[in-house]
Amino acid sequence: MADISIRIQDGESGAFKQGITAGEALRELVSAKVRKQTVAVRVNGVAVDLSTPLKTDCVLEPVTADTEEGMDILRHSAAHVMALAVRRIFGDHVKVAIGPAIEDGFYYDFDREEPFTPDDFDRIEQTMAAIVEARIPFERREMRIGEAIEFFDRQGETYKVELLRDIETDTVSLYGLGEFVDLCRGPHLPDSSWLKAFKLLRVAGSYWRGDEKNPMLQRLYGTAFFDKKELRQHLHRLEEARKRDHRKLGRELALFTIQDHIGPGLILWQPRGALLRRLIEDYWKDEHYRHGYELLYTPHIARQDLWKTSGHLDFYAENMYSAMEIDEVKYQLKPMNCPFHIGVYKSHRHSYREFPIRWCELGTVYRYERTGALHGLMRVRGFTQDDAHIFCRPDQLDDEIYNILDLNLHILKTFGFDQYDVYLSTRPEKYVGSEDRWVMATEALKRALEKKGLEYRLDPGEGVFYGPKIDIKIKDQLGRSWQCSTIQVDFNLPERFEMTYTGEDGREHQPIMIHRALMGSLERFVGVMIEHYAGAFPLWLAPEQARILNITDDQLHYCEAVYAKLRKLGIRVEKDLRNEKLNYKIREAQLMKIPYMLIVGEREKEEGTITVRKRNGENLPAMTPQDFAERVHGECDEMMGGKR
RNA sequence: GCCGAUGUAGCUCAGCUGGUAGAGCAACUGAUUCGUAAUCAGUAGGUCACCGGUUCAAGUCCGGUCAUCGGCUCCA
């Protein structure tokens, strides 16, 4: 056989017999250290199994365990191992669907009459462990599509057959792991022994291909790592995330409550949560005013006719609550604020000189959400949007979008979010407005993103029917993304409501309308912040900035005086003067995540000072209440972007 | 809405195969006045989510409803 030349990307090269497997070639060309870490290989850029025979000259690149790709291969292989285990335990009563690697783990969808129970997890895990122990190789083979369809059809694997029918290539690859043969693109680990650390996490229902018209399958979720330590760390992270759960912290920190008898998805803000929210709102309003916005207030319901004109009854009806009748006229709760802002616009005539008009409102809207979708503050039925509508001339569009982006990122940063993913969504299949307007608006959005130096991803066809949009998904402390901000150009409503302005030429023109929300929903945003900060809000947002703790009753009077003084100086201070030990009070204040504890004993009383203990346990030297207040204001000013 | 799990005092949770509710913390009362993450003792607190059924007897079994949790779907 002829020799072929094989080169490692950025490394050694050599001549080998044709037909040598990639794994064998690597053994010659890379260090033992790399080899031990290698789970698959890229041949001329295409990821394949180590067992792949090499036929021509090529460049190899090992895929190692420490990469995302390596992890995906491990997890995808883990899904196969799980499927084999399920097969072995539950036999032919189970049909398999799909089993991909996902972020942080993998899943496999099964169709089985009986539900899986958490008790089954143990059995499945044990069987998986036995499979790992047995070091079963993953064996790849290729088949013609027709042959494969017949193969799976014989086994009654209807889902695989359905998948195959949609595949357009001539041949497909199958992977055998023991007696379980699965349709799969690969690549896989060489054998099951690599799966050293895995755990099944939960079972959940999911529709075949995510479509609710299809049968409901049972999805088993699991995760896998190359070693046990990483798995332990991951499980620990999950535990930490549970501790940050805003529903748990919301209760513990007395921020909000949701009650059955009031209704699901409806939030009651408790005093501390309400104060937090007020701080957010005040900052938001001030910042908007500073940036040339005017504040509006509009009602919660409007005549049904308004929603007809706006098109909401055509396009949004399923999210709206049914009509109520008032004096024989139908009214509906608002799912959006825009028609009202247009109402304000139409309250008088406008000249081109007035533009841009920037109106904002913290508008509470109501949208129907299916019960299964509700989730704490993150997904609710009544929520407050930090909404704004900008009306401008075409020549102002670029600047306005840029300014929105600028304000948007500035405010998010102040709240502690400076990591985000930006998406630009373009024209969907169903749309209104002329093509050149879409192009004009999409280009304007692009230019603003580029001018701002933001990297973005294109989301083709994901725009709203009335115009293109920019979405910003912020990343929290745990790296999870949350869709909050959205900037949407709208050609539809100005048309529907026949909005006009008088141009320089004395003629009537149609203004461009931009919708924009920055936090999206205040409820959700607070939820995200609770989890982002794990309940320990930065000083400027802490509902309780400081708590006075006395040592004995002898300081009661002095504490009251300090309390009054600090309140007067604008500090959000509370006092805990109960007859309890200092340790007890500190513990409680600590659990409430209060930034400063002000400790007052005889010493402080004598000297007219307080001892300041920070949330992190650090002590500051004793200072006067006056100095403390100045310090707090100084810190807050800094957090909010300089002296205000 | 769909699949699965869950629903016992304010919170966290016991309560085995049906015999008529229990702990810790919190609350309240009293004692203690104690300097950097829980002082001690006592008291009170529950139509066991709701509705119906089986049974001599149901927190415990069955059915329905509501809600919550994990997902699917949707999205701020």
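This is a predicted model: local features need pLDDT of at least 70, side-chain atom pairs count only at pLDDT 80 or more; totals for chains, interfaces and linings use all residues.
Local features need pLDDT of at least 70, side-chain atom pairs count only at pLDDT 80 or more, and totals for chains, interfaces and linings use all residues. Residues are numbered from 1 along each chain as its sequence is written.

**View 1. The largest pocket and its centre.** The largest pocket holds about 1,100 Å³ of space. Its lining counts 42 residues; Tyr-316, Met-336, Arg-367, Gln-385 and Gln-488 are the closest to the centre. A pocket is an open set of points on a 1 Å grid over the protein atoms alone where a 1.4 Å probe fits, with protein on both sides within 12 Å along at least five of seven lines; lining residues have an atom within 4 Å of a point. A volume is the space filled by probe spheres set on the points, which are joined across faces, edges and corners.

**View 2. Elements around the largest pocket.** Strand S28 (512–521) is among the elements that each supply at least two lining residues, as are helix H11 (312–315) and strand S21 (382–392). S28 gives the most, six residues. Helices (H or I, at least four residues) and strands (E, at least two) are DSSP runs, numbered from the N terminus.

**View 3. The second largest pocket.** This pocket has a volume of about 870 Å³. Of its 23 lining residues, Asp-104, His-234, Leu-238, Ala-241 and Arg-480 are the closest to its centre. H7 provides the largest share of the lining, five residues.

**View 4. Between two domains.** Domain 2 (69–241) and domain 3 (256–532) both line the second largest pocket, so it lies between them. The domain bounds come from an automatic or database domain assignment.

Notes:
Chains are lettered from A and ligands numbered from 1 in the order in which they are written. Side-chain values use heavy atoms; hydrogens and water are left out.
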